Amino acid sequence: MWSVIKSVLAALIGVQSDFQRQQDFSSGKPTTFILVAIVVTLIFVLLLIAVANMAAR
């Protein structure tokens with residue numbers, strides 16, 4: 001699971017290597033990557049909302 005999270009985070013910021021991307025597509029289930037990406041995106045958005053609320057006070 002850690003490798004999926006690491007791959008999603010690397011892809012999110014655009015630094016994933018071509019070799020790693022090919023390895024991800026050949027070895028993992030797409031639904032796992034999609035679910036992890038959704039969770040990571042939600043956490044990121046909630047973090048941005050929290051920072052904006054703290055800055056607005």
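Confidence in this predicted model is lowest in helix 2 (residues 18-27), at a mean of 82, and highest in helix 3 (residues 30-56), at 94. The score is pLDDT, the predictor's confidence in each residue, from 0 to 100. The chain as a whole has a mean pLDDT of 88. A value of 70 or more is reached by 100% of its residues. Helices are DSSP runs (H or I, at least four residues), numbered from the N terminus.

Residues are numbered from 1 along each chain as its sequence is written, and side-chain values use heavy atoms, with hydrogens and water left out. Because the model is predicted, local features need pLDDT of at least 70 and side-chain atom pairs count only at pLDDT 80 or more, while totals for chains, interfaces and linings use all residues.

**The pocket**

The largest pocket holds about 230 Å³ of space. A pocket here is an open set of points on a 1 Å grid over the protein atoms alone, where a 1.4 Å probe fits, with protein on both sides within 12 Å along at least five of seven lines; lining residues have an atom within 4 Å of a point. The volume is the space filled by probe spheres set on the points, which are joined across faces, edges and corners. Helix 1 (2-13), helix 2 and helix 3 each supply at least two lining residues. Helix 3 gives the most, with four. Among the residues of the lining are Ser-7, Val-8, Arg-21, Phe-25, Phe-33 and Ile-34.

**The salt bridge**

Arg-21 also takes part in a salt bridge, with Asp-18 (2.4 Å, N to O). Arg-21 is partly exposed, at 36% relative accessible area. Asp-18 is partly exposed too, at 43%. The classes are buried (under 20% relative accessible area), exposed (over 50%) and partly exposed in between, with a 1.4 Å probe and protein chains only.

**The surface**

Phe-44, Val-45, Leu-46, Leu-48 and Ile-49 form a nonpolar patch on the surface. Together they have about 470 Å² of accessible area. Patch members have over 30% relative accessible area and no salt bridge; nonpolar side chains (Val, Leu, Ile, Met, Phe, Trp, Tyr) are joined within 5 Å, like charges within 9 Å. Areas come from the Shrake-Rupley method with a 1.4 Å probe; for residues, only the protein chains shown count as cover. Ile-49 belongs to helix 3 and is partly exposed, at 45%.

**Distances across the chain**

| Pair | Apart in sequence | C-alpha to C-alpha |
|---|---|---|
| Ser-3 and Gln-22 | 19 residues | 14 Å |
| Asp-18 and Thr-31 | 13 residues | 20 Å |
| Ala-56 and Phe-19 | 37 residues | 43 Å |

Ser-3 lies in helix 1 and is partly exposed, at 46% relative accessible area. Ala-56 lies in helix 3. At 66% relative accessibility, Ala-56 counts as exposed.

Terms used. A salt bridge is a side-chain nitrogen of Lys or Arg within 4 Å of a carboxyl oxygen of Asp or Glu.
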